[in-house]
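Please keep the structure open while reading them.

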Amino acid sequence: MARIEHEGGNRTVEDHGGGPARQPSYEGVWRFTAAAVDVSVPQARHAVRDLLVRQGVPVHEEIMDGLLLIVSELVTNAVRHAALLSPEIAVEVAIGPEWIRVSVEDNHPYRPKALEADYGQTGGRGLLLVREIAQESGGACDVEHTASGGKIIWAALPLAPMAPGPGAAIHQPVVTSPRTDPSIP
């Protein structure tokens, strides 16, 4: 990875007890940039895994496996389909108290759609897989345009698997765009 940026640190968040409380030390936003080449796929996956371990993020093993597969799929898509117009890609990892969100940004204007399963094809199902992993874990995913004409594809997962049963969906965190202002590059 060429460059790593970090936002976060010693912020405070409100506690339901009335006074401010320090955020968990693992919370924050990290951004990795890399060339849109094949070797960036395993580099991004390893960088995300190493970040989560280094920060002490209490992510369940099953969620970690799904998240790393999502990183691989999203970076592979950016390398294969956007490299001509986007020689550099960005991977952003945002970690909250109960969720983790990963996004991949490129400068290619095409906004892909998750393809339906066509068992005769050998590819083209990466975003379908990303969507299924996110939904099965109780998370979400989406594709958004950037102000510069590119796109951000993101997926957010809870740190722990959903409890089985009909009430599980009630406790899902609300997840939105990977940035509060998507027009900021």
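1. A term is needed before anything else: a helix axis here is a line fitted to C-alpha atoms over the stretch in contact, and the angle between two axes runs from 0 to 180 degrees between N-to-C directions. Two packed helices are described by the angle between their axes and the distance between the axes. Please also bear in mind that this is a predicted model.

2. Helix H1 covers residues 40-55 and helix H2 covers residues 61-82. Their axes come within 9 Å and cross at roughly 150°. The crossing of H1 past H2 is right-handed.

3. Which residues of H1 and H2 make the contact? On the H1 side they are Ser 40, Val 41, Ala 44, Arg 45, Val 48, Arg 49 and Leu 52. H2 contributes Met 64, Leu 67, Leu 68, Val 71, Ser 72, Val 75, Thr 76 and Val 79. By type, the contact of H1 with H2 has ten nonpolar, three polar and two charged residues.

4. For the overall layout, the protein has three helices and eight strands. Read from the N terminus, the order of elements is β-β-β-β-α-α-β-β-α-β-β. Of contacts between residues at least 6 apart in sequence, 66% join residues at least 24 apart.

5. The protein has 185 residues, and 43% of them count as buried. Its accessible surface is about 10,300 Å², with 54% of that belonging to carbon and sulfur atoms.

6. The largest nonpolar core holds 38 residues, and the members that touch the most others are Leu 52 and Val 75. Two or more residues come from each of strand E4 (28-35), H1, H2, strand E5 (88-95), strand E6 (99-106), helix H3 (126-137) and strand E8 (151-158). H2 gives the largest share of this core, with ten residues.

7. Leu 52 deserves a separate look. Leaving aside residues up to four places away in sequence, Leu 52 touches Val 57, Val 59, Met 64, Leu 67, Ile 95 and Ile 100. Leu 52 also belongs to the H1 side of the contact with H2.

8. Ser 72 lies in helix H2 and touches Val 41 and Arg 45, not counting residues up to four places away in sequence.

9. Ile 153 sits in strand E8. With a relative accessibility of 8%, Ile 153 therefore counts as buried. Not counting residues up to four places away in sequence, Ile 153 touches Leu 74, Val 102, Ser 103, Val 104, Pro 112, Leu 127, Asp 142 and Val 143. Ile 153 and Val 91 are 62 residues apart in sequence, and their C-alpha atoms are 9.7 Å apart.

10. Where is Tyr 110 found? Tyr 110 is in the loop between E6 and H3. Its relative accessible area is 53%, so Tyr 110 is exposed; the cut-off for exposed is over 50%. The C-alpha atoms of Tyr 110 and Gly 149 are separated by 9.0 Å, and the two residues are 39 apart along the chain.

How values were computed
Residues numbered from 1 in each chain as written. Predicted model: local features only at pLDDT ≥ 70, side-chain atom pairs only at ≥ 80, totals over all residues. Heavy atoms only, no water. Helix = DSSP H or I, 4+ residues; strand = E, 2+ residues; numbered from the N terminus. Left-handed = near helix turned anticlockwise from the far one by under 90°. Contact = heavy atoms within 4.5 Å. Nonpolar A, V, L, I, M, F, W, Y, C, P; charged D, E, K, R; others polar. Core = buried A, V, L, I, M, F, W, Y, C linked by side-chain atoms within 4.5 Å. Buried < 20%, exposed > 50% of the residue type's maximum accessible area, 1.4 Å probe, protein only. Areas by Shrake-Rupley, 256 points an atom, 1.4 Å probe, with all protein chains shown as cover.
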